[in-house]
Amino acid sequence: MIFTSAGFIAAVIIPAVLYYLLPKKAQWPLLLIASIGFYFAADKRYLIFIFVTFLAAYICTILMGRIDLKTKAYIDSNKDKITKEQKKEVKGRAKTRKRIFLIIGLIIALGILCVTKYTNFVIDNINLLLKDGSKIREMNIIVPAAISYYTFQTCSYVIDVYRGKTTPQKNPFKLMLFVSFFPLLVQGPICRYDDLAPTLFGEHKLLEKNISTGLTRIIWGYFKKVVVANRIAPAVIALTGDTDTYKGTFVFVAMLFYAFDLYCDFTGGIDITIGISKVLGVDVKENFNLPYFSKNIKEYWNRWHISMGTWFTDYIFYPVSVCTPMLKLSKWSREHLGQKIGKRVTVYLASLLVWFTTGLWHGPAWNFIVWGLMNYVVIMASQELEPLYAKFHGKFKVKDKPLYGIFEIVRTILLMSMIRMFDCYRNVPLTFKMIGTMFTKVNLKIFSDGSLLGIGLTAADYIVLAVSFVIILTVSIIKNKRGHVISDNAFTLRYSLLALLLMGVIVFGAYGTGYDMTQFIYNQF
Amino acid sequence: MKKKIIASILIIIFLTGGLWFLQRLLMPKYQGKIVEGAMIEEYYKETEGHDVLFIGDCEVYENFSTMTLWEEYGITSYIRGSSQQLIWQSYYLLEETLKYEKPKVVVFNVLSLKYNKPQKEAYNRMTLDGMKWSMSKVNDIKASMTEEEDFIDYVFPILRYHSRWQELTSDDFKFLFEKEPVTVNGYYLRTDIMPQGEFPDPMPLDDYSFGENAMMYLDKMTALCKDEGIELILIKAPIEYPYWYPEWDEQVSSYAEENGLTYINMIPLSEEIGLDMSHDTYDAGLHLNVYGAEKLASYFGQYIVDNYGLEDHRNDPKYTKIYEEKIKLYNKMIEEMNNITEEE
């Protein structure tokens, strides 16, 4: 179900109204029913996958919790009888037993994800090595909607319970709600149990502040998604779909269009998710923090898709960096390759794994993997170049100059946008080739000869996009400076602007099929 | 708190008022070359009932001059016609019209029996957008929607027409609140002449039976008219193309016989009616122009007067003034149309 479908809007409005009409105790059960209904409406076959993921997580975490309780009870009752070492040994044994359930839980959740999403990718790659007659046939597997999001969310819960960071949820229905909370089942974000649980299972009064913040986010999200992303997406498809015609400067245009499209689509979607959750009194953590104001790629990744970035850091980078084989490797490297290189080895390897899996998480294709690796290369290179930057800034005092700041921002946007072209062309060699033409086949005439009117955008569309760009930029600048755009106290101003924005979304939104009176052929009735 | 309540009310009024205005602005006005979408809503301006109600597609609204029926026989009539009006649309329009008046005779053109399922959104819109909200409209929408359509788009047409902001013309502002009449009692007249040409040979069909859905609505229409004590006449207008197969004709004849209805296939009666298709059609034989429509109305008027004993209202003060105005409008339309034809 997509955000702009009538089904989605109905699936949100009905539970949201009931939510505050029913007794407060019925609020979270209602959300569970709505979430299951939402997933069922998308495709009833999906339910089995999410249910198995939930069930495995539930059983494994309950068993881990029992081990913890038993261990604690044993230590408490034998406080005076056992030594520190014995206590440590008991805890160590408990951890080993817990690890079995952790592994089972993760294998089931990630196994479903891998089998449904990556089987055919693996088959395709094996087939590259096989002769024509012996190729393996692709399998007809359905990929459940939002599986990457809910699987990672569930895994984070299982790992946090294993780490003792989170107390296992005994109520299976509550855990099922955490796994399947419907606003998150479209575009994420990947929420952590401890962040979401307090408000997800809490009882909520109808608060004007929640409704106001929620509605603002929802309408703002729809503005970005429907007015901008939906309008510009066909142009991106046109520009990247015909590589013979659209090369050189067209690639540059496609790159900028896609940067705007993706930003509005993704941040708009997250705004809607956060807004809907807020209306229901549920706090979902921010997933974006003005990413296009980042001055370098590292900062960009701290501001873009934050929930995914922190997930990979917390559950892959850190555990991999401190795992026994890695520590051994680190020690060996320092001894044999010297301190300078040695201390980098583990960081480089762990980062490589993070960016490889980040790429793979985005989709079962080499273009995503290469996209992830390109990010890795750029981040590592900029890290290595840091001493050089320091020297430069030592010599030229430009770091605090506003113009240099703008240069850094533009540089980051262009670099990230260029890497993202792998996502557009979905073909690694072709992407490199097309990026190459950007520099070899410069043709500025396309901005004046009307070529850009032949890609599914009319002059009026460009005006809407330009005005939208100015609005989004202005709002972002204000938010960056003040932390908020309209004060909570400015009731009339806020709702008047919201009403205007809603009218703008309805009229200027790119949705539905264009009404074309020319389709009436007079002599056919 | 009081301030907030007042502000909320004002903002809600601003939002709903704004959306209402924008919806009116963005909806097609059908006041230019394509006028068919404006026909259905014109009916609600009628102040008096009618003896005869025509329902159906262009084979009624372009072929029967309602003013000739008045001038020659004193018959008050109205055509609730629209482009490619499907039989369920005719049924629900009839059902809706009966809430406003009770005609003595209902005339239904049977060409639409050939359609058993929803066809095109554009035609649906031209029939349904103009209807006032009632259960008839709700059921009509449900019966008419193609797979790509959403009910919500009929409830809030702005969701469907929003993209017209790029195509707004001065007409959209001019006819924002008041439209000019495009028909006289549902009759859309044309004065241009284009002689009938050669029609392509009829394509043989796999199955000549009318669909179950279409026949179900014909049953409903028959039952409704019987329940209301209204005479239902089935007609096939004297137009040869689109082709009216003998197999279809037989089915309608049998149906009429079984249900005690009158069925008149006017195609073989063309000569008797006095139609000269080298002069009486404006689009090479697909539809009649005003000269043909007047001849057909004259012929059909005589038939219903003879067979259904309709009262002559020409001296009825309730109608004279109203129809005086309508005749004026009719003549004005002929004059304007002649001017357009001459200019072209």
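Residues are numbered from 1 along each chain as its sequence is written, and chains are lettered from A in the order in which they are written. Because the model is predicted, local features need pLDDT of at least 70 and side-chain atom pairs count only at pLDDT 80 or more, whereas totals for chains, interfaces and linings use all residues.

**Exercise 1. Describe the overall build of chain A.**

Begin with the secondary structure, where helices (DSSP runs of H or I, at least four residues) and strands (runs of E, at least two) are numbered from the N terminus; chain A has 21 helices and 0 strands. Next, take the radius of gyration, computed over C-alpha atoms and compared with a globule rule of 2.2 Å times the number of residues to the power 0.38. For 525 residues the rule gives 24 Å and chain A has 26 Å, which is close, so chain A is as compact as a globular protein of that length. Along the principal axes, its C-alpha atoms fill a box of roughly 90 × 65 × 65 Å. Finally, 34% of the residues of chain A count as buried, a residue being buried if 20 or more other C-beta atoms, placed from the backbone, lie within 10 Å of its own, exposed if 12 or fewer do, and partly exposed in between.

**Exercise 2. Work out how helix 9 and helix 10 of chain A pack.**

Helix 9 covers residues 208–241 and helix 10 covers residues 249–279 of chain A, and they pack at about 155° with their axes 6 Å apart; axes are lines fitted to C-alpha atoms over the stretch in contact, and angles run from 0 to 180 degrees between N-to-C directions. Angles under 35 degrees count as roughly parallel, over 145 as roughly antiparallel, 65 to 115 as roughly perpendicular and the rest as oblique, and helix 9 and helix 10 of chain A are therefore roughly antiparallel. By class, their contact has 23 nonpolar, 9 polar and 7 charged residues, with Ala, Val, Leu, Ile, Met, Phe, Trp, Tyr, Cys and Pro taken as nonpolar, Asp, Glu, Lys and Arg as charged, and the others, Gly among them, as polar.

**Exercise 3. Characterise the side of chain B that touches chain A.**

Start from the counts: 31 residues of chain B are in contact with 23 residues of chain A. Then assign them to elements: helix 1 (2–26), helix 6, helix 8 (151–155) and helix 9 (158–161) of chain B each supply at least two residues, and helix 1 of chain B gives the most, with 8 residues. By class, this side of chain B has 17 nonpolar, 6 polar and 8 charged residues.

Notes. Two residues are in contact if their C-beta atoms, placed from the backbone, lie within 7 Å.
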